[in-house]
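Dear colleague,

I am passing on to you the structure we spoke about, together with some notes on what was found in it. Please look at it first and then read on.

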Amino acid sequence: MRLDPARDALLVVDLQHDFLPGGALAVPGGDEVVAPIARLAPAFPTVVATQDFHPPGHVSFASAHPGHRPYESLARPQGAQELWPDHCVQGTRGAALHEGLPDRALTLVLRKGTRREVDSYSAFRENAGPDGRRPTTGLAAWLEARGVRRVFVCGLARDFCVRWSALDAAEAGFEACVVDDLTRAVFPERRAEVDAAFARAGVRLVAGRELER
Ligand SMILES: [Zn+2]
């Protein structure tokens, strides 16, 4: 697949210490994608990195819900909230982007999940808040203003933030591709469910090595 620098953007999702082995919410094999993503990034004139960036006591932390444990799902009026270990707390090393993807490679760093009451898996829209709405992050309009039409999504984790970012990219009208070998999942055994969601939304799966400048 030939890249079109005028129309393509790379979206690097949550390449942060807490999502890598040794981190608070480690994604198995997450460290394996850092170097290949760093090698791919220079092929894109627009590279957006998301950064999960939570205040202490964030709604997604099991510790904020007495009696509940990480990796449980909590029923809330606006929908289920998965509960996680405390992770990507603002100002901690765990929240920092991995240095293996150099800062100079990034056009934009988009912080998400910054409000205590609302989680945000997607780079484009927050999860449903107490009012049931999913507010935009503004990213779709920013990309459109730069002439981007196609978004390649990579990073962590395939079954949460990559998944929702790719689905929302497609919903926003972009051609959406997941660079599949440059993602890793929290629950790899649920791959079929995630792939079905991608297929329904018209999200393509591509391999990093297929992408030519
Ligand atoms: Zn988070």
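This is a predicted model: local features need pLDDT of at least 70, side-chain atom pairs count only at pLDDT 80 or more; totals for chains, interfaces and linings use all residues.

Counted over residues 150-156, seven of the seven residues of β6 are buried, where buried means a relative accessible area under 20%.

β6 has pairing partners in β1 and β7. Strand β1 (residues 8-13) runs parallel to β6, and six bridges join the two; among the bridged residues is Asp8, whose partner in β6 is Arg150. Strand β7 (residues 175-184) is likewise parallel to β6 and is joined to β6 by six bridges, with Leu156 finding its bridge partner in Arg184 of β7.

**The zinc site**

The zinc ion is coordinated by Asp52 through OD and by His54 and His87 through NE2, at 1.9 to 2.1 Å, and along the chain these donors follow the spacing D-x1-H-x32-H. His54 lies in the loop between β2 (46-52) and β3 (73-74), whereas His87 lies in the loop between β4 (81-82) and β5 (108-112), so the pair ties together parts that are 33 residues apart in sequence. His54 counts as buried because its relative accessibility is 0%, and His87, at 3% relative accessibility, also counts as buried.

With best regards

Note on methods:
Residues are numbered from 1 along each chain as its sequence is written. Side-chain values use heavy atoms; hydrogens and water are left out. Donors are N, O and S atoms within 2.8 Å of the metal (3.2 Å for Na, K and Ca); water is not among the atoms, so sites may look incomplete. Helices (H or I, at least four residues) and strands (E, at least two) are DSSP runs, numbered from the N terminus. Buried means under 20% relative accessible area, exposed over 50%, partly exposed in between (1.4 Å probe, protein chains only). Two strands pair if DSSP finds at least two bridges between them.
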